[in-house]
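Please open the structure in a viewer and keep the selection tool at hand.

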Amino acid sequence: MKNPIAQYIQLVRNIERAKREGRTGELLKAAKENAELQKIMMRPRQYATTNGTGEIGWGTAWLCFALSSYASVILPASPWRGRVGMFFLLCACVAMPICLWASKKFVIQPRIGYVAFRRGKSWWTGIIVGMVVAAGISIALSLWLIPEMIHAAPSSAHHAAATVSVRDTPNRSDKLLIAGCGLMNAVLYLMFNAVSIKEHRWKWACFVLILVMPPVIGQLHPGNYLQMSPPVMLFQGSVYFLSGVITLIWFLHHHQPITLEAE
Amino acid sequence: MNEQLRAISKLDRVIHEPGRLMIVALLAGVKECDFLFLLNETRMNKGNLSSHLARLEEAGYVEIEKTYRGKVPMTLLRLTRKGRTAFDEYRKGLMAAF
């Protein structure tokens, strides 16, 4: 149990041994019982992923990123424009933790009861590896994108300070990045809904939309990556958010609050 | 076959009972939970669950802490180190038995 891979190897070895000794049925019975135990152990964690609040949090974050981008375009030039943009960025950063906290306090706890999960070594390893990988990808993308996006304009004798012009037509890298963004969000959507998608078949349609629409939006809204990304973020955020809201409504409908004095 | 029977007889009787096995399996997946959560998950009645928990506490597998959430009493339950080890051993024993 501490090392699932080692356990799995042991299980395979045992199956092989049992096959040789002609007692597969007995072993399969034990394996089934063990799998049932594993299922019971994992059940509490499923509540955190089946009530839709994760999707709402992620969707809100994307919507805030999109609004932050739009704020700098739509609002008139003033000191407030930057502050509004920053406010939405801040909202994007805190959306997920706030949604998860609210989910635990107002959705799971009154309906399922209080439960706290273990933060073991593997959990921290996952967090650290995830952060390192995310930082690596961000740095690599920045190094790739900045020279692609910005072309130094020929500086004249009258303009000593360097001016820059931003390319406004999509090239292959832009299209690739937009498609990659769709793919990443689609995979993440599947991860969010690994448990609930069996029950909510309509989520496959959302998955396809999240995967397919970014390149389509890129075609309809030509520009460089930075110009294409706000509508893509707006769309993906909306799909995530709506999917989360529908799931939450379904969850609340099927899990009535239980009395606190049941003890 | 004798070896198999020996392995089965070695299984921890406290955990082997289906109701307690379910409780221990649920507690093994979390850090701690309240009585209400277990009641909801196991679908046992309060008396049954209480008696199973008392048996597990007696064996030193479960730690029971009476506390309050606001003004509402809450019973927190968690598996002790001994309980986790016993559950690990039980699962290994189960696999070895067959």
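A residue is called buried here if 20 or more other C-beta atoms lie within 10 Å of its own. The model is a predicted one.

**Whole chain.** Begin by selecting chain A, which has 263 residues, 27% of them buried. Followed from the N terminus, the elements come in the order α-α-α-α-β-α-β-β-α-α-α.

**Helix α4.** Next, select residues 79-112 of chain A, which form helix α4. This helix has 34 residues, and the distance from its first C-alpha to its last is 47 Å, close to the 50 Å expected at 1.5 Å a residue. Centre the view on A:V94, where α4(A) has a kink of about 40°.

Which residues of α4(A) are buried? Display A:F88, A:A92, A:A95 and A:C99, then A:S103, A:V107, A:I108 and A:I112; these are the buried residues of the helix. Just after α4(A), select A:G113, which adopts a positive phi of about 110°.

**Helices α3 and α8.** Now select residues 53-74 of chain A, helix α3, together with residues 225-254 of chain A, helix α8. Their axes come within 7 Å and cross at roughly 155°. Angles over 145 degrees count as roughly antiparallel, and α3(A) and α8(A) are therefore roughly antiparallel to each other. The crossing of α3(A) past α8(A) is left-handed. Sorted by class, the contact between α3(A) and α8(A) comprises 14 nonpolar, ten polar and one charged residues.

Notes. Residues numbered from 1 in each chain as written. Chains lettered and ligands numbered in written order. Predicted model: local features only at pLDDT ≥ 70, side-chain atom pairs only at ≥ 80, totals over all residues. Axes fitted to C-alpha atoms, helices over the stretch in contact; angles between N-to-C directions. Helix = DSSP H or I, 4+ residues; strand = E, 2+ residues; numbered from the N terminus. Parallel < 35°, antiparallel > 145°, perpendicular 65-115°, else oblique. Left-handed = near helix turned anticlockwise from the far one by under 90°. Nonpolar A, V, L, I, M, F, W, Y, C, P; charged D, E, K, R; others polar. Expected span 1.5 Å × (residues − 1). Bend = angle between axes of the 7 residues up to and from the residue. Buried ≥ 20, exposed ≤ 12 C-beta atoms within 10 Å, placed from the backbone.
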